[in-house]
Protein chains: 2
Amino acid sequence: MGDPNVPTSEHSHREDDIIERITRIVSSAFINRGETHIGDDAAVLSPTVGQMVISTDVCIAGVHLETTLFSIEDLGFKAITTAVSDLAAMGARPRCCVVAVSAPSGVDLDALHAGMAQASTFVEIPIVGGDIAKGTDLSVAVTVVGEAPGGGAVLRSGARAGDTLLVTRPLGRSAAGLRLARTGAGLDNELVLAHRRPWPRLAEGLAARDATVHAMMDLSDGLGLDLHRLADASGVGFVLDDVPVAPGATLAEAISGGEDYELLIATDDPDTLFALFRQRGLEVPLPIGLVVSDAGVRTWRDTPFARVGYQHEL
Amino acid sequence: MGDPNVPTSEHSHREDDIIERITRIVSSAFINRGETHIGDDAAVLSPTVGQMVISTDVCIAGVHLETTLFSIEDLGFKAITTAVSDLAAMGARPRCCVVAVSAPSGVDLDALHAGMAQASTFVEIPIVGGDIAKGTDLSVAVTVVGEAPGGGAVLRSGARAGDTLLVTRPLGRSAAGLRLARTGAGLDNELVLAHRRPWPRLAEGLAARDATVHAMMDLSDGLGLDLHRLADASGVGFVLDDVPVAPGATLAEAISGGEDYELLIATDDPDTLFALFRQRGLEVPLPIGLVVSDAGVRTWRDTPFARVGYQHEL
């Protein structure tokens with residue numbers, strides 16, 4: 001085993017050495033008394049407060065992020081924050097995550113983990129374990145665990161007729177950012193940032209849960225697909241009257257571009273929702289339509305709202 | 001979205017359809033009141049009883065299992081049981097797992113998930129969520145969550161001078177099974193089964209925890225590597241006097257073949273350990289040596305015990 005105090009110009013490729021190096025990169029300050037994070041067969045943490053919420057997401061270089069345009073740090077960052085978005089969607093707060101990486105030889109694993117470590121610090125979710133294997137793809141599977149104290153997690157399936165539908169921000173920023181990056185926009189362009197460094201709406205998800213909304217999900221594949229999924233899960237229809245388009249994005253990007261990671265919310269009490277968001281200094285969600293009881297009714301300005309969005313072909 | 005009641009001769013390749021089909025394959029009977037498993041942004045489960053234990057493992061076709069010899073069901077089965085072995089290693093009992101799959105077009109995802117579903121049923125760990133993406137490799141990242149009520153999880157780091165070291169069974173079965181399969185042995189050969197359908201020592205891990213052993217880990221990379229890892233974590237050395245070799249395996253396979261998933265245990269009270277194992281109808285662990293205080297002493301029959309075992313080159 002390499003001595004961590006001896007600087008080396010060439011990085012070792014042995015598994016134990018790599019894991020030791022990466023552990024230093026991702027190790028967290030958020031270790032409670034009695035907890036063990038990286039280094040054992042498994043991490044040991046104190047129990048969740050309230051319900052345990054868990055989700056896993058794969059992020060593959062070239063599929064989920066164009067590695068010709070963006071850095072490997074971006075891939076690591078995005079893998080973490082998009083996984084955490086599923087906790088936001090439940091109104092859960094993050095507890096921990098584990099990361100399973102497969103990578104071909106020569107990939108800068110330090111940079112990948114530096115990106116993950118930064119996201120982990122930013123959203124306050126410690127990386128408590130991981131695994132690394134050699135593969136053809138560069139792929140990161142992130143599993144996030146959160147907790148939902150009090151009223152419990154918010155599901156997709158609770159929308160009821162008469163509920164107002166809202167989204168946390170105008171849509172289409174991520175797809176517009178990718179389009180702009182492809183045509184030469186800088187990496188710090190606000191829309192490009194939305195694509196390469198998406199931010200999970202954790203504070204908004206908690207506020208929505210505290211406002212006892214009926215249903216919630218995150219918009220990962222576009223409103224054109226995800227709104228139908230929420231309606232399917234709730235057994236309802238919808239009458240959409242507005243699709244808020246982010247400045248710089250097109251309507252098509254707002255509907256089917258995907259990867260916005262904004263929250264879609266259904267509630268019968270939008271005033272309470274607005275008040276709670278304002279109190280906490282959060283941007284107030286935007287109403288987009290109403291839930292109706294007939295699951296066959298799915299319209300936008302009186303015409304059928306097509307089921308379109310990002311679907312992987314498998 | 002396809003109607004699940006309409007049989008189709010050609011499987012759909014659309015993400016939503018595939019996920020619907022796979023959900024039927026892996027859905028579990030182990031759903032407690034108030035829990036939501038597959039189908040929302042995240043699964044919602046009741047809190048862990050005692051410490052939460054979490055680990056993730058990647059399993060890649062061709063790297064972790066030779067797909068020319070073994071089936072895709074085997075890959076799914078092995079991905080689950082080897083991940084669960086990390087819970088056994090902590091003395092934790094399984095609560096849930098999530099599976100992140102990446103696969104090229106044409107892979108029989110139903111068969112992969114059927115193998116995972118069988119393992120999930122056998123070891124009683126519900127698959128509560130997952131993700132699928134298209135990649136070049138066929139890769140499965142399994143994250144397992146367990147719980148350690150009472151005395152808490154058993155770490156690698158607790159071995160003390162004077163402790164007896166034990167393993168739960170003779171070693172080398174998996175490597176011997178792979179060798180035999182390559183030379184034409186049948187898939188039901190006992191050693192071949194140990195390689196393609198490894199079994200996590202959950203009952204043994206719980207019994208060892210109840211016997212308040214000092215340290216424990218699972219032997220995934222071979223005693224020649226893992227015993228050093230346990231000694232490193234505990235800051236101790238060891239004097240090994242026996243390496244129990246499974247019938248049909250070679251000494252080299254027992255030391256460095258890896259993938260046996262037997263448990264390595266350190267305890268100052270082997271008699272209590274034996275009694276508890278006997279009471280529960282479990283095969284009694286085999287003593288292999290002693291822990292010594294000098295971390296530089298790592299011998300086998302008075303000669304240095306080399307650090308050799310399975311290491312991925314990354």
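**Exercise 1. Strand pairing around β3(B)**

Task: Determine in which sense, parallel or antiparallel, β3(B) pairs with strand β4 (residues 127-134) of chain B, and over how many bridges.

Solution. The model is a predicted one. Step 1: β3(B) and β4(B) are paired in the parallel sense, over seven bridges.

**Exercise 2. Burial of β3(B)**

Task: State how many residues of strand β3 (residues 93-103) of chain B are buried.

Solution. The criterion for a buried residue is 20 or more other C-beta atoms within 10 Å of its own. Eleven of the eleven residues of β3(B) are buried, and the strand is mostly covered.

**Exercise 3. Packing of two helices in chain A**

Task: Classify the arrangement of helix α2 (residues 72-90) and helix α3 (residues 109-122) of chain A from their crossing angle.

Solution. Step 1: the axes of α2(A) and α3(A) come within 7 Å and cross at roughly 40°. Step 2: α2(A) is therefore oblique to α3(A). Step 3: the crossing in which α2(A) passes α3(A) is right-handed. Step 4: the contributors to the contact include I72(A), L75(A), F77(A) and I80(A) from α2(A), and L112(A), H113(A), M116(A) and Q118(A) from α3(A). Step 5: sorted by class, this contact of α2(A) with α3(A) has ten nonpolar, six polar and two charged residues.

**Exercise 4. The contact between chains A and B**

Task: Describe what chain A contributes to its contact with chain B, by number, element and class of residue.

Solution. Step 1: chain A gives 60 residues to the contact, and chain B gives 60 residues. Step 2: among the elements of chain A that supply two or more residues to the side touching chain B are α1 (15-26), β1 (43-45), β2 (51-60) and β7 (215-218). Step 3: β2(A) gives the most to this side, with nine residues. Step 4: the residues on the side of chain A that touches chain B comprise 29 nonpolar, 18 polar and 13 charged.

**Exercise 5. Strand pairing across the chains**

Notes: Residues numbered from 1 in each chain as written. Chains lettered and ligands numbered in written order. Predicted model: local features only at pLDDT ≥ 70, side-chain atom pairs only at ≥ 80, totals over all residues. Axes fitted to C-alpha atoms, helices over the stretch in contact; angles between N-to-C directions. Helix = DSSP H or I, 4+ residues; strand = E, 2+ residues; numbered from the N terminus. Parallel < 35°, antiparallel > 145°, perpendicular 65-115°, else oblique. Left-handed = near helix turned anticlockwise from the far one by under 90°. Contact = placed C-beta atoms within 7 Å. Nonpolar A, V, L, I, M, F, W, Y, C, P; charged D, E, K, R; others polar. Buried ≥ 20, exposed ≤ 12 C-beta atoms within 10 Å, placed from the backbone. Pairing = 2+ DSSP bridges.
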